[in-house]
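Please consider the model shown below chain by chain before turning to the contacts between its parts.

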Amino acid sequence: MSKYLVNLKINNMPIAVEEGTTILEAAKKLNFRIPTLCNHPDLTVAGNCRVCVVEVKGARLLAAACATPVSEGMEVFTNSEKVRVSRKHIVELLLSEHNADCTKCFKNGHCELQDLSSEYRIGDHVFLDLVRPESKIQDISSPSIVKDDSKCIRCQRCVRTCAELQGVSALAVVNKGDHQKISTFLNKPMHEVVCTNCGQCINRCPTGALTERNYIEEVWNALYDPSKFVVVQTAPATRIALGEDLGIPVGERVTGKMVSSLKKLGFNKVLDTDFTADLTIMEEGTELLTRLKRALVDKDEKVVLPMMTSCSPGWIKFQEHMYSDMLENLSTCKSPQQMFGAVAKTYYADKINIKAQDMIVVSIMPCVAKKFECERPEMRDSGYQDVDYVLTTRELAMMIKQAGIDFNKLEEAHYDSILGESSGAAVIFGATGGVMEAALRTAYEIVTGREVPFTNLNIQPVRGMEGIKDATIKIKNVKPEWSFLEGVDLHVAIAHGLANARQLMEKVRKGEAAYHFIEVMGCPGGCLGGGGQPIPTSPEIRKKRTEAIYQEDEDMPIRKSHENPEVVEIYKEFLGEPLSHKSHDLLHTHYKPRKRY
Amino acid sequence: MLTTEALVKELVEKNGRTRNSLMPVLQGIVQQEHYLSEEALLCVAKELDLAAADVYGTASFYTFLDTVPRGKNIIRVCKTITCHMKGKDEIVNTLSNALKIKVGETTHDKKFTLLTANCLGWCHKGPVMLINDEVYPELTPQKALEIVEEYAKSTH
Amino acid sequence: MENNLKKVDIIFEVDDKCTPLEVLDKTLKRSADDIILDLIDSGLKGRGGAGFPTGLKWKFTRNESGDVKYVICNADEGEPGTFKDREILDRVPEKIFAGMTICGYVVGAKEGYIYLRGEYNFLLKNLMKKLEDFNNALKKRNIDFRIFFKSGSGAYVCGEESALFESMEGKRGEPRNKPPYPTVAGYNSKPTVINNVETLVYTTMICHMGPERFKALGTSDSRGSKVFSVSGDTPIPGIYELELGMPLHEFVNEFGDGDTKAVQVGGASGHCVPRKKFNDTIIGFEGIPTGGSMMIFNSSRSMYNVLHDYLEFFTEESCGQCTPCRVGCQQLLKGIEAVKRGERPPAYLDDLKKLTGTMKIAAKCGLGQSVGNPFNSIIDNFREEIIY
């Protein structure tokens, strides 16, 4: 349906835009940038920071450009004297209640308020300092997220993120007037409340009020410690986005440069989480087929379907809080990060003749929930904490800068072996639908002996940015040992972002959808939109990252997890077969119910 | 007396299981229990299927929806300009001395909490105070004392 | 002294020959369009303070499509110095109910809500009884309209119409972006008429007596009369219905104690008028509009204390969501304290005045927009009291 066109003028330049367009959007089309703080492309409009105010001819009030739709004949001025004075006042006011100790701030150089302040040359502070001393006490109770109220400008982007994208509302606006702030239930520490540690709030915080708990110094110390053998694993989505923090355009893959930089930083071995992503497919795919067999052949009423993926620690904690009655649906597979840690400190340590206690496993993750995950008591199957430190993509970029590495000029390097080989199926773990696609590539082939019937192995129906996707794969002409699957329609569903996951769970719980297998990723877009990825994020940025990740897949010589030679090797030498006793000991886990409210 | 859980269930039953019922439900709890305890807030979250932080965030917006323990009788002396002009300070001081608590505090026997409030809408008859829902205009320190004494006698 | 101040008796008038229900019966026999025409003709503007023409508001809502619409009576009277709605609710609630029902008939709404501030809960017992009788009377007449009460819980900003809707929807009372306006998307995002208590009574009375009698009162910009809440340094504080458009000096002659130094017109968010301006200040939409609050200060009062009190009020009662209001109010309050203590030079007051200019045009709702009214009028007229 075509919408009416509305004619207006912005800074005397005529433009016609669709009805319902905001002044902000219309101005952008004319290449006038109006500054914003509370506005975010992923969130509903708030219109509360007022930084985007503009003058509309004939109106008594300035209009918030983000929240005001255009109207016929409107004449807008984005930089009139009134606008400039007001905007400067507003930035000054925000600074007056902001702990503007920028040089000591983790977000120094990456702060939208700092940018605005510098843009408007806010020099001498006109207004009184309103920062409350008690607000400077940071909440560092969570292993993932640090909350610093003294940096908060009350734009409520985090609150909307947590409610609208994630359906969790760990954070809310509390109190009113001069006591208004962003807080948790009864102002409890972050680790005590219903929070999934997804870190989407961090990705959208314009200042340093919400940041990841950073472990950069710990990792440097490990690297400097001659008694430690430090190995690093890199998650699929990191190689897609790391460049964004190092001056490389969005969507440009930096796999080889990343490996190179990690070697330069001094890691003893640079290995790949993609290897354990392939291992996950072997375990999880087998688990799915086993569950299907128990359901279809053994008519075992205790078997729980649909099976749900367990790679995303934000999703896992969400499920533990919100759907603790459905924990049996979750695959018992550990996430690739944790499989890696467990394998590194056993199989790999033996192979390279290093004692597990001397090994430090560092992960580079697009995720802050992984920081929580590695500290879970269940994740010590090697006899030690399987993964010692988790750094976000952003933290790695900081380390690279600290080391003075000219990232752009780096030669490309290859992952070390073993635990460095991977397939295209593994790398797409980073995109929503990717685990599903990887699992289908392998499971279909195991069952039928043929490749999945999609051009170039690209299973398009499970790709894309819709919040919930579903697809049906018809299984035909199976191998004799899989005859019970002959003619079966395999129903699968995929959700990303926890608000979507919630919708899907409700459908499943009500029995409205008979799925066999469900993939859920806690973050919008999957890991490539993870809470540890470079800031900013937007649908457009995630789209570019997605395109890049699928290109990475296509460029890989091996596209299917079960064809990864190192995976074949580890089963032969160490694990035996998927779901073996050893696999269960090292690669599988269990979940625990947590409080719902 | 009902348990908190039963009270919340009853209020939700009466007002409906939707977000629009949140205010009357919270108001009903305060009516009975004088404040919103952690237990009460969690019960409301559960019954209305809202996040606990969301319920708390909403409650904390409203002056009358206290989330810290309050006495059985909550005294709110109007502090806005005309009551100020007509001697609200004397009223507050008198009550504060008599109850041996400062503004914002609750007596040891949990009978009284002394608070100040923004304009109560009795500017022509100040100073004025509310005790729970009842209004007492045209106060003198003596009158205020007598009223509070009456409450002390009838509260157990 | 000669005084032309005209006292009026429309709001509280009790006419045994024509009860509010009888006005309703009579009115519902007319077409909705005729009723709207009468209201527009009467010149009635909203009595809550903002002064939007009531007939137009009803007309816009009537013109919206949709099955579900609402009529809401804003009884969240919280403006310091205002207490007339409480008196109206207490004495003539049926006139409010009748006004709401007429409105429901005109715009096509089946539900009406009265949002009563929590501070007035003591009125509820009596009001509920009267409302029950009224709803029963509607039922008996087969009028498809019911009225309900909703209570506030102590938040001044909920008097702002969109904040009031948020509160009714079980949320924090944070004002919304406008547009959309309530006539398009109000309570539950449905077309909604929201009128002040007093406005609704006038609609009933205009339907009763016709627009002519109403129109004969007041001035061309400010038709009719209005209920004033008179407080402060006056020997006769209370509630008075007066013709609009009166010069302030006449008001002071009638209500002052002979030593009046200033009148705060329109409550804490209104304007402070010093004695030297009494003669050329008109109370009405052409001069200083008011929701009815008239606070009188005599020469014994410190205007610093008055301003400090107001600013403390706004600092606490701001919803806190928008920057100009949340931070601006705090800066104004702390700013005058700093000047008083000598920590900032007197010229800092001018910086703060400029800040109120931004608050006036950039704050999200009327609360933040109007804090500059008391601030500037008190600073401008009583600067020396603020500094020393």
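This is a predicted model: local features need pLDDT of at least 70, side-chain atom pairs count only at pLDDT 80 or more; totals for chains, interfaces and linings use all residues.

Residues are numbered from 1 along each chain as its sequence is written, and chains are lettered from A and ligands numbered from 1 in the order in which they are written.

Chain B has seven helices and four strands; here helices (H or I, at least four residues) and strands (E, at least two) are DSSP runs, numbered from the N terminus. Their order along the sequence is α-α-α-α-β-α-α-β-β-β-α. Taken along the principal axes, the C-alpha atoms of chain B fill a box of roughly 45 × 30 × 25 Å. Of its 156 residues, 51% count as buried. A residue is called buried if 20 or more other C-beta atoms lie within 10 Å of its own, exposed if 12 or fewer, and partly exposed in between, with C-beta atoms placed from the backbone. Two residues are in contact if their C-beta atoms, placed from the backbone, lie within 7 Å. Among the contacts in chain B with a separation of 6 or more, 60% are between residues 24 or more positions apart.

Within chain B, strand E1 (residues 73-78) runs parallel to E2(B), and six bridges join the two; strands are said to pair if DSSP finds at least two bridges between them. Across this pairing, Leu114(B) in E2(B) stands opposite Ile75(B). Strand E2 (residues 112-117) of chain B is mostly covered, with five of its six residues buried.

Chain C contains 15 helices and eleven strands. Its C-alpha trace spans about 70 × 50 × 35 Å along the principal axes. How does the radius of gyration of chain C stand against that of a compact globule? For 388 residues such a globule would have a value near 21 Å, and chain C, at 21 Å, agrees. The radius is taken over C-alpha atoms, and the globule rule is 2.2 Å times the number of residues to the power 0.38. Of the 388 residues of chain C, 61% are counted as buried. For contacts in chain C between residues at least 6 apart in sequence, 72% join residues at least 24 apart.

Chain A is divided into domain 1 (5-92), domain 2 (97-212), domain 3 (216-275 + 337-409) and domain 4 (276-335 + 422-587), with bounds that come from an automatic or database domain assignment. Between the C-alpha centres of domain 2 of chain A and domain 4 of chain A there are 35 Å. Their contact takes 15 residues from domain 2 of chain A and 16 residues from domain 4 of chain A. On the domain 2 side, the elements that give two or more residues are helix H4 (157-165) and helix H5 (200-204) of chain A. H5(A) gives the most to that side, with three residues.

Elsewhere in chain A, strand E13 (residues 359-365) pairs with E14(A) in the parallel sense over four bridges. Thr392(A) in E14(A) is the bridge partner of Met365(A). Strand E14 (residues 389-392) of chain A is covered on both faces: Tyr389(A) and Leu391(A) are buried on one side, and Val390(A) and Thr392(A) are buried on the other.

The contacts between chains come next. Chain C gives 38 residues to its contact with chain B, and chain B gives 29 residues. On the side of chain C, helix H7 (161-168), strand E5 (225-232) and helix H11 (303-317) are the elements that give two or more residues. H11(C) has the largest share of that side, six residues. By class, the side of chain C that touches chain B has 13 nonpolar, 15 polar and ten charged residues. In this division Ala, Val, Leu, Ile, Met, Phe, Trp, Tyr, Cys and Pro count as nonpolar, Asp, Glu, Lys and Arg as charged, and the others, Gly among them, as polar. Between chain A and chain B, 15 residues of chain A are in contact with twelve residues of chain B. The side of chain A that touches chain B divides into eleven nonpolar, three polar and one charged.

A nonpolar core is a set of buried Ala, Val, Leu, Ile, Met, Phe, Trp, Tyr and Cys residues joined through C-beta atoms within 7 Å. The largest such core has 313 residues, and those with the most contacts inside it are Val54(A), Ala65(A), Leu26(B), Leu41(B), Val44(B) and Ala52(B). Helix H5 (residues 93-107) of chain C gives the largest share of this core, nine residues. Apart from this core lies another, of 25 residues, which includes Ile74(B), Leu95(B), Ala117(B) and Met129(B). Leaving aside neighbours within four places in sequence, Leu41(B) is in contact with Leu36(B), Ala52(B), Val55(B), Tyr56(B) and Ala59(B).
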